[in-house]
Amino acid sequence: MQSANICAHCRLGSMAATSRILVLDLEGTLISSAVSQIPRPGLHDFLTECSRLFSRIVLMTTVREEVARKIVQLLAAEGSAPAWLADIEYIQWDGKFKDLFFVPGVADVSHITLLDDMQEYVADGQEERHVWISSYDPSLLVDDYGFPEVLEDLRRRVRGERFG
């Protein structure tokens, strides 16, 4: 059963308002790729802050669940990510878009935020739920500011502020 794989922290959150959900992409967002698996600089601190802002954090990626689980477990085991990431809820989806209605138990997507580097995966009508992050490619970037750049946007969304 899927809920057995959801860590308590991912379900409850520490300081987050109830029903705030963050949907995370894996490749290009949290890590370089499923092949190289290089964590984006600041991953641990970023995820820790997200766990304070959101009551539920889930993973929705094009990477097959078996491979994605190995990657997040390795990131947690090596200390690149908080321990709870090893048990993050994996969202099964199909089709061309990351439709937020694939998140189990969701009837209204207005409290969901999708963090993804690929705008083309955003479902029609859910564009306002998407926070774009620059794609992480360590071979091209000397300094990566992806997480600091999106963190304030995520904070504003949780506070319910309008954004442009």
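Student: Which way do Ile21, Leu22, Val23 and Leu24 point from β1, and are they buried or exposed?

Tutor: Ile21 and Val23 point one way from β1, whereas Leu22 and Leu24 point the other way, and all are buried. The word buried means under 20% relative accessible area, exposed means over 50%, and partly exposed lies in between (1.4 Å probe, protein chains only). This is a predicted model, in which local features need pLDDT of at least 70 and side-chain atom pairs count only at pLDDT 80 or more, while totals for chains, interfaces and linings use all residues. Residues are numbered from 1 along each chain as its sequence is written, and side-chain values use heavy atoms, with hydrogens and water left out.

Student: What makes up the protein as a whole, in helices and strands?

Tutor: The protein has four helices and five strands. Helices (H or I, at least four residues) and strands (E, at least two) are DSSP runs, numbered from the N terminus. From that end on, the elements run α-β-α-β-α-β-β-β-α. Of the 164 residues, 48% count as buried.

Student: How are β1 and β2 known to pair, and in which sense?

Tutor: Two strands pair if DSSP finds at least two bridges between them. Strand β1 (residues 21-24) and β2 have four bridges, in the parallel sense. Isoleucine 21 stands opposite arginine 56 in β2, and leucine 24 has leucine 59 of β2 as its bridge partner.

Student: What is the order of the strands in the open sheet?

Tutor: The five strands follow the order β3-β2-β1-β4-β5, with parallel pairing. β3 and β5 each have a single partner strand and stand at the edges, so one side of each is left without a neighbour in the sheet.

Student: Why does valine 103 count as buried?

Tutor: Its relative accessibility is 1%, so valine 103 counts as buried. Valine 103 has its place in the loop between β3 and β4. Its C-alpha atom is 9.3 Å from that of isoleucine 21, which is 82 residues away along the chain. Not counting residues up to four places away in sequence, valine 103 touches Ile21, Val23, Arg56, Met60 and Ile91; such a contact means heavy atoms within 4.5 Å.

Student: How does the span of helix α3 compare with the expected value?

Tutor: The expected span of a helix is 1.5 Å times one less than its number of residues. Helix α3 (residues 65-77) has 13 residues and reaches 18 Å from its first C-alpha to its last, close to the expected 18 Å.

Student: Which residues of α3 are buried?

Tutor: Ala68, Arg69, Ile71, Val72, Leu75 and Ala76 are buried in α3. They cover an arc of only 165° around the axis, which puts them on the same side of α3; the arc is that of the directions from the helix axis to the C-beta atoms. Glu66, Lys70 and Ala77, on the other side of α3, are exposed. The cover over the buried residues of α3 includes α2 (43-53), β2 (56-59) and β3 (89-90).

Student: What makes phenylalanine 46 and phenylalanine 147 an aromatic pair, and what kind of pair is it?

Tutor: Rings of Phe, Tyr and Trp (its six-membered ring) pair if their centres lie within 6.5 Å; planes under 30 degrees apart count as stacked, over 60 as edge-to-face and the rest as tilted. By this rule there are two aromatic pairs. Phenylalanine 46 and phenylalanine 147 are 4.1 Å apart centre to centre with 10° between the planes, and this pair is stacked. Phenylalanine 46 lies in helix α2 and phenylalanine 147 in helix α4 (residues 146-159), so the pair ties together parts 101 residues apart in sequence.

Student: Why is the pair of tryptophan 93 and tyrosine 121 called by another name, and what is that name?

Tutor: The ring centres of tryptophan 93 and tyrosine 121 are 6.1 Å apart and the planes stand at 85°, so the pair is edge-to-face. Tryptophan 93 is buried, with a relative accessible area of 18%, while tyrosine 121, at 25% relative accessibility, counts as partly exposed.

Student: What lies over the ring of tyrosine 121?

Tutor: The charged end of lysine 98 sits over that ring, 5.4 Å from its centre. A charge sits over a ring if NZ of Lys or CZ of Arg is within 6 Å of the ring centre and within 35 degrees of the ring normal. Arginine 40 likewise lies over the face of phenylalanine 147, at 5.4 Å from the ring centre.
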